[in-house]
Amino acid sequence: MESGIFITFEGPDGAGKTTIISMIAEQLENALLTREPGGIDIAEQIRRVILDKDNTAMDPRTEALLYAAARRQHLIEKVKPALDAGKVVLCDRFVDSSLAYQGHGRGLGIEEVFNINQFAIEQMMPDLTIYFDIEPELGLKRINRNKGREVNRLDLENLDFHYKVREGYYILMERFPKRIVKIDASGTLEDVFQKTMKIVLERLEQRKPV
Ligand SMILES: Nc1ncnc2c1ncn2[C@@H]1O[C@H](COP(=O)(O)OP(=O)(O)OP(=O)(O)O)[C@@H](O)[C@H]1O
Ligand SMILES: Cc1cn([C@H]2C[C@H](O)[C@@H](COP(=O)(O)O)O2)c(=O)[nH]c1=O
């Protein structure tokens with residue numbers, strides 16, 4: 001059996017992560033597709049609280065703690081057992097989202113938010129993170145074109161916030177150059193899919209049998 005591998009997908013809202021991950025999952029044997037916040041019942045309940053458009057009074061630290069709480073439950077209940085069983089776990093967002101959105105976007109500080117997340121993840125970092133880079137205007141345009149999609153509390157933040165988030169991801173790429181790989185997500189679906197699939201396959205080839 002081969003060892004499990006934990007691959008996360010990151011980027012500003014509307015970059016195309018969810019669409020591309022499901023295309024990738026279809027091509028792989030033994031893949032588990034999941035998302036944050038959510039992926040399991042308790043974390044989906046927390047997701048509803050965080051993203052509820054009516055929760056405008058939510059304090060940024062409360063927001064950061066709720067994301068970390070959802071993360072913990074999801075990691076223990078779903079991600080870790082799948083990795084232990086040798087699966088390829090494809091996760092739509094993980095701790096880097098907290099660092100970019102709450103740490104840099106909200107101004108709580110990347111180190112501070114990383115510290116509270118250490119309690120939740122106990123050093124369990126992804127093996128590979130694919131960052132989908134896109135101009136926030138284009139991402140938001142894509143979301144608005146998709147009438148069936150929920151528009152959540154974070155989508156409704158102003159453009160400055162979304163630019164700050166993108167800047168946060170750029171800081172993270174400098175901090176974790178080996179783990180995070182950037183893809184230009186402004187191209188066609190086929191173009192982004194091919195580039196992503198290539199990176200995933202290259203990483204899977206490096207896996208060791210256990
Ligand atoms: N490369 C692309 N070109 C054009 N449209 C795209 C592309 N990728 C995704 N889309 C469309 O953009 C919209 C947003 O895509 P998707 O939900 O996959 O993004 P996301 O990164 O998961 O967003 P969020 O993080 O906000 O949930 C969808 O309607 C999707 O069909
Ligand atoms: C995990 C995580 C997510 N967010 C933000 C990013 C998005 O705006 C929403 C999640 O919605 P999506 O459509 O499923 O991408 O939440 C965040 O701010 N911090 C986090 O840790």
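Which side chain has an N or O atom 2.6 Å from an oxygen atom of ligand 1? That is Lys 17. The pair is a polar contact, meaning N or O atoms within 3.5 Å; within protein, one must be able to donate a hydrogen and the other to accept it, and residues adjacent in sequence count only if both atoms are side-chain atoms.

A word on conventions before going on. This is a predicted model, where local features need pLDDT of at least 70 and side-chain atom pairs count only at pLDDT 80 or more, while totals for chains, interfaces and linings use all residues. Residues are numbered from 1 along each chain as its sequence is written, chains are lettered from A and ligands numbered from 1 in the order in which they are written, and side-chain values use heavy atoms, with hydrogens and water left out.

**Ligand 1**

Ligand 1 has 15 residues around it, and Gly 16, Lys 17, Thr 18, Thr 19 and Arg 149 come nearest; being around a ligand takes a heavy atom within 4 Å of it.

| Side chain | Ligand atom | Distance |
|---|---|---|
| Lys 17 | oxygen, ligand 1 | 2.6 Å |
| Arg 93 | oxygen, ligand 1 | 3.0 Å |
| Arg 142 | nitrogen, ligand 1 | 3.3 Å |
| Asp 13 | oxygen, ligand 2 | 2.7 Å |
| Tyr 67 | oxygen, ligand 2 | 2.7 Å |
| Ser 98 | oxygen, ligand 2 | 2.6 Å |

On its own, ligand 1 has 640 Å² of accessible area, and the protein covers 78% of it. Those areas come from the Shrake-Rupley method with a 1.4 Å probe, and for residues only the protein chains shown count as cover.

Helix α1 gives the most to this shell, with three residues, and α6 (136–145) also supplies at least two. Helices (H or I, at least four residues) and strands (E, at least two) are DSSP runs, numbered from the N terminus. By class, the shell around ligand 1 has three nonpolar, seven polar and five charged residues. Here Ala, Val, Leu, Ile, Met, Phe, Trp, Tyr, Cys and Pro count as nonpolar, Asp, Glu, Lys and Arg as charged, and the others, Gly among them, as polar.

**Ligand 2**

Ligand 2 also has 15 residues around it, with Asp 13, Tyr 67, Arg 93, Ser 98 and Gln 102 coming nearest. Its shell divides into five nonpolar, four polar and six charged residues. Helix α4 (95–105) is one of the contributors, and with four residues α4 gives the most.

**The pocket and the record**

Where does ligand 1 sit? It sits in the largest pocket, and ligand 2 takes up space in the largest pocket too. On a 1 Å grid over the protein atoms alone, a pocket is an open set of points where a 1.4 Å probe fits, with protein on both sides within 12 Å along at least five of seven lines; lining residues have an atom within 4 Å of a point. Sitting there takes more than half of a molecule's atoms within 2 Å of the grid points.

An unreviewed UniProt entry places a "binding site" at Gly 11, Pro 12, Asp 13, Gly 14, Ala 15, Gly 16, Lys 17 and Thr 18. Of these, the pocket lining includes Asp 13, Gly 14, Ala 15, Gly 16, Lys 17 and Thr 18. Gly 11 lies in the loop between β1 (5–10) and α1 (17–27).

Glu 36 and Pro 37 are joined by a cis peptide bond, with omega about -15°. Asn 30, though not a glycine, has a positive phi of about 70°.

Note on methods
UniProt positions renumbered as here; feature names shortened; annotations may be inferred.
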